[in-house]
Amino acid sequence: MINTLADNPGRQLKLRNKLLLFCLVTLSFGYLLIMNAWIVDDAYITFRTIYNSMNGFGLVWNPGERVQAYTHPLWLLLVSLVYFFTREFYFTGIFLSIACVLFTVNLIMFKLTRTNLKPLLGLALLSLSKAFIDYSTSGLENPLTYILLAIFLILYFNQRHDLRQLFYLSLITSLALLTRMDNFLLFALPLIYVFYQTRKYNLNTRAGYILAGFSPFILWEMFSLFYYGFPFPNTAYAKLNTGVETVTLIKLGFKYLEHSWRLDPVTLVVIASGIFLPLARKNLKPCMLSLGLALYLIYIVLIGGDSMSGRFLAAPFLASVILLIKIPFNSHRLHLIVIISILFYVFFSPFNPWKSHPDYGKNIMPIYNIHTIDDTRGGYYQMTGLLRKSPGSHFGIKSGENLRSSGARVFVYPLVGFLGFYAGPGVYIIDVLALADPLLARLPCVSHGWRIGHFTRKLPEGYFETIQAGGNRIQNANLKCYYAKLMNITRGRLFSLARLLDIVKMNLGFYNHLIAFDFYKSRISTYQERMLIRAALLLLSAPGRDEYADLINQGNHAAFGDNWKTACEFWEKGKALKPEGVEAGANLGVYYERKEESFKALQAYQQVADKLGLPWTEYHQQITEVINSSKKRDHAGDKNLPSATHFRRNLATANTHDHYTQLVAQGNQAARLNNFAQAKQLWHAAYKLRPDRPEARANLGVYYEKAGDLKPALKHYKHAAQRLGSPWDQYYKHVQSRITGEIK
């Protein structure tokens, strides 16, 4: 007789409990995700590509130019399928992401183990991770990575090792690579382990199953190489081909982890546990995943992390949670400790996702800080948060709409997601961060004014005119030749034999010698400043604008391009237009503090501190302390108090009776404030005072080389090299070879 649910009360109760648990997990996680839902600017880079493809322009960022400006082909395909029916991106991106995450957490709940206690504790950890929750709804590819990682690890831990498992794991790894290529580090070692465990099968047979599993990725690479001309996304060339020293990136990578520790300690604690606990138990299967997590962390440090705090830690955190669920711990005391720790974190941590609210991010600093990492959701939530009164009100949207109505054909801008999408395909966007620009992505970033993940490029002379008027108007002869080859790849006929040959040569580095890397690493040129100012004026003159928001926006981006004087002008105009607006005052406070003009910074911070509180009250207090210290050092009755610049310079040299050292220090300070003429005078005065000392001579060598005056640079470098050695002897040889080359 066949048993039914009615005949088996125990089975019926078990099914009912599972249904209740499913509803509990779905509703609680759904509520949490909606409370934290937002969209980041970068997501609209993908959305613009989808929009262009749906309207017949191809999978491109700028129509007519084949560039892969996205890193996640599979996520792009999934969003495209949903967009085909919804014809809307903001809510599509958010609710598709929520659906993916809910599917992932229910997989973990019901497919990972036969018991429900440990998965519940694991889901509690997931709900407390700021990194995991923040990037569950940002519009980026993280939710799809979560699904693939969960399915991979469920198969890895729950199935016996055979050829079918090897194929499935290879297929999922292939799809993960199509979601984001650096995911491979999380999947590689477990896949190698399964390949080894199936050694009873013939080597060729196993290799064939792996090759079959990787066929989606192989086919995509063949398409990418043929269509775009390159095997990797343009963003990879933009972020890995920067010319930044490895030591600098490693320091920033550790800062990335340190920032995550301050905002989101749960994430790093769980990842560390996922790395070390399996190693202590000496079980090879979970250890392979632990080693993969360690490799991934090393990779994050080596590339300098990212400006988005926690973004690269979300996937390894999920893998660590699954790993901890699978490790057999039978101690009830340990479970109790975990539960108490979770409750403690919920009540006392200000950043845990359960405490998110519609006012989240109001006190986030509005300016882009060089070399800093930020709480990106906090910076965007007030403009793109789902629970805001007007979600999707980012200033880039208004700027893009204004740009579209202005009739402009070409536009130079950083942070091009919202602006590029709402400007429409009729406007060609030159992205100075190079995420969507094929030429700039292959130039090194400038030595000043870049931020991790946002590497500003120097615009070649004539490049804007090339895009605007057509042809090839780049002034540098070698770069002009390089760009001609690149144009043939990205704009030429797909099946042209010359184009296919250029693809091969370009990817093998045959044309790299045409780029003067040292020149493009120097500061942005006045040519580029003119382009950025022209862009700012274009937006400000467009009809129907929010003029105050545009002024703040343009000031921010001028500061981002290290053009602080122009930024100050925009913010001053914004303050005059809307005296009660705190954004202009906050940014002006940062500007004046950076210039060490304490009195002006104090005035700017005063109003902001009263309205916004932290962190502006702290800045206000710090400046007050600087001024009070300056007053104590000044003569009684002197109404002309020294500026903070002189005060801090005096502090730097207070214990130094060597006038030469003071002159060198003051010259360095002038150079940091971009006053190179004054710096040159101070260093020359120091050099005449002590001709035998090398410090001033070394600085003068740098100054003259930057100015293109090589003979005096050679003279000063020679003196510095004789006394200081490396790196000045290398600079001496470099300048000497340049002079010799020019004579030839």
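Among contacts in the protein chain (heavy atoms within 4.5 Å) between residues at least 6 apart in sequence, 68% join residues at least 24 apart. The model is a predicted one, in which local features need pLDDT of at least 70 and side-chain atom pairs count only at pLDDT 80 or more, while totals for chains, interfaces and linings use all residues. Residues are numbered from 1 along each chain as its sequence is written, and side-chain values use heavy atoms, with hydrogens and water left out.

**Overall make-up**

- The protein chain has 36 helices and 2 strands, these being DSSP runs numbered from the N terminus (helices H or I, at least four residues; strands E, at least two).
- Of its 744 residues, 53% count as buried, where buried means under 20% relative accessible area, exposed over 50%, and partly exposed in between (1.4 Å probe, protein chains only).
- The accessible surface of the protein chain comes to about 33,700 Å², and 61% of that belongs to carbon and sulfur atoms; such areas come from the Shrake-Rupley method with a 1.4 Å probe, and for residues only the protein chains shown count as cover.

- Helix α2 has 12 residues and reaches 17 Å from its first C-alpha to its last, close to the 16 Å expected at 1.5 Å a residue; the expected span is 1.5 Å times one less than the number of residues.
- Because 9 of the 12 residues of α2 are buried, this helix is largely enclosed by the rest of the structure.
- The buried residues of α2 are Ala43, Tyr44, Ile45, Thr46, Phe47, Arg48, Thr49, Ile50 and Asn52, and what covers them includes α3, α4, α20 (417–423) and β2 (428–431).
- After α2 comes Gly56, whose phi is positive, near 85°.
- Within α3, the residues Pro73, Leu74, Trp75, Leu76, Val79, Ser80 and Tyr83 are buried, and their cover includes α2 (43–54), α4 (90–111), α7 (142–158), α8 (163–179) and α11 (215–227).
- Just after α3, Arg87 takes a positive phi of about 55°.

**Salt bridges**

- A search of the whole structure finds 11 salt bridges, each defined as a side-chain nitrogen of Lys or Arg within 4 Å of a carboxyl oxygen of Asp or Glu.
- Glu141 forms a salt bridge with Arg180, the closest N and O atoms being 3.7 Å apart; because Glu141 lies in the loop between α6 (130–134) and α7 and Arg180 in the loop between α8 and α9, the pair ties together parts that are 39 residues apart in sequence.
- Glu141 counts as buried at 3% relative accessibility, and Arg180 is also buried, with a relative accessible area of 14%.
- The side chains of Asp359 and Arg388 meet in another salt bridge, at 3.8 Å from N to O; Asp359 lies in the loop between α17 (332–348) and α18 and Arg388 in the loop between α18 and α19, so this pair ties together parts that are 29 residues apart in sequence.
- Asp359 is partly exposed, with a relative accessible area of 41%, and Arg388 counts as partly exposed at 23% relative accessibility.
- Glu695 and Arg693 meet through their side chains in a salt bridge of 3.5 Å, N to O, and Glu695 counts as partly exposed at 32% relative accessibility.
- Salt bridges that share partners join Lys130, Asp134, Asp375 and Arg377 into one network.

- The side chain of Asn183 reaches the backbone oxygen of Ala176 at 3.2 Å.
- Leaving aside its neighbours within four places in sequence, Asn183 is in contact with Thr145 and Ala176.

**A nonpolar surface patch**

- Ile34, Phe91, Phe95 and Leu387 make a nonpolar surface patch of about 320 Å²; patches are made of residues with over 30% relative accessible area and no salt bridge, with like charges joined within 9 Å and nonpolar side chains (Val, Leu, Ile, Met, Phe, Trp, Tyr) within 5 Å.
- Leu387 lies in the loop between α18 (376–384) and α19 (395–406), where Leu387 is partly exposed, with a relative accessible area of 32%.

Terms used. A polar contact is a pair of N or O atoms within 3.5 Å; within protein, one must be able to donate a hydrogen and the other to accept it, and residues adjacent in sequence count only if both atoms are side-chain atoms.
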